[in-house]
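Please open the model in your viewer and keep the selection panel at hand. The stops below say what to select next and what is there.

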Amino acid sequence: MNIDKIIVPLDVPTEAAAIALIDQLPEIIWWKVGLELFVSCGPKIISILKERQKRIFLDLKFHDIPNTVAGACRAAASYGVDLLTIHATAGRVALTSAQEAIVEGAKVTGENPPRLIAITILTSLTSRDVAFDLKIPLELPEYALQMALLAQESALGGAVCSPQEVEQLRQVCGDDFVLVCPGVRPTWAEKGDQKRSLTPGQAIKAGADYLVIGRPITAAADPKGALERICQEI
């Protein structure tokens with residue numbers, strides 16, 4: 001199975017619910033901790049995952065002035081997580097400061113620094129949202145590429161993008177730049193609030209390193225069966 005390509009989000013409100021989900025799917029290697037769960041129970045959830053020898057995607061999407069994001073990244077690096085997110089729109093100085101800070105933070109505790117990856121543009125947004133609401137003059141795929149290039153130029157190790165942009169980003173940014181794709185939906189699953197999606201097989205073929213897949217697995221009547229179907233597809 002290609003289970004090492006799948007990151008399952010712990011999009012639950014409590015520690016107990018998170019533990020129940022982790023125990024329900026013990027074969028999952030990668031888990032994503034987002035804002036809801038981290039705000040609910042803090043870094044304790046990181047310790048719980050590390051005790052179970054899981055890999056951790058801490059998806060807090062930092063977006064603030066350079067000094068603030070640097071401080072947050074320095075603190076987060078001490079947790080020993082594997083992936084950490086920041087919005088590319090925080091700007092070049094913030095991205096560079098954040099990358100330097102995670103190295104500093106990891107040294108304090110002796111942990112390996114996480115790979116800092118940039119959010120290009122949220123997968124819930126459409127081309128219309130970008131043009132009419134955000135007033136961005138670039139076409140959405142070009143804007144996502146420019147944000148990824150900004151991250152790469154700022155020494156970050158990768159980016160988060162929708163699967164519809166991943167092929168172009170892979171071609172331009174190269175093989176060493178890690179690309180994580182949320183918004184992945186099998187043909188048999190509902191898209192929900194994901195507007196720019198592909199199937200798992202299509203996303204991997206296009207060049208994604210990791211797929212973030214939540215509700216098609218966690219909300220399925222048979223989560224293990226759904227996971228197996230997705231692994232077979234990719």
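**The barrel**

Begin with the strands: eight of them close into a barrel in the order β1-β2-β3-β4-β5-β6-β7-β8, with parallel pairing, where two strands pair if DSSP finds at least two bridges between them. From one strand to the next the twist averages 25°. This is a predicted model, in which local features need pLDDT of at least 70 and side-chain atom pairs count only at pLDDT 80 or more, while totals for chains, interfaces and linings use all residues. Residues are numbered from 1 along each chain as its sequence is written, and side-chain values use heavy atoms, with hydrogens and water left out.

Next, select strand β3 (residues 55-62) together with strand β4 (residues 83-87), which pair in the parallel sense over three bridges; here phenylalanine 57 stands opposite leucine 83 in β4.

**Two helices**

Now select helix α4 (residues 66-77) and helix α5 (residues 92-109), which pack at an angle of about 30° with their axes 7 Å apart. The two helices are therefore roughly parallel to each other, a term that covers angles under 35 degrees.

**A loop proline**

Finally, select proline 26, in the loop between α1 (15-24) and β2 (30-33). Proline 26 touches Lys54 and Lys224, not counting residues up to four places away in sequence. The C-alpha atoms of proline 26 and isoleucine 3, 23 residues apart along the chain, are separated by 11 Å.

Methods:
Axes fitted to C-alpha atoms, helices over the stretch in contact; angles between N-to-C directions. Helix = DSSP H or I, 4+ residues; strand = E, 2+ residues; numbered from the N terminus. Parallel < 35°, antiparallel > 145°, perpendicular 65-115°, else oblique. Contact = heavy atoms within 4.5 Å.
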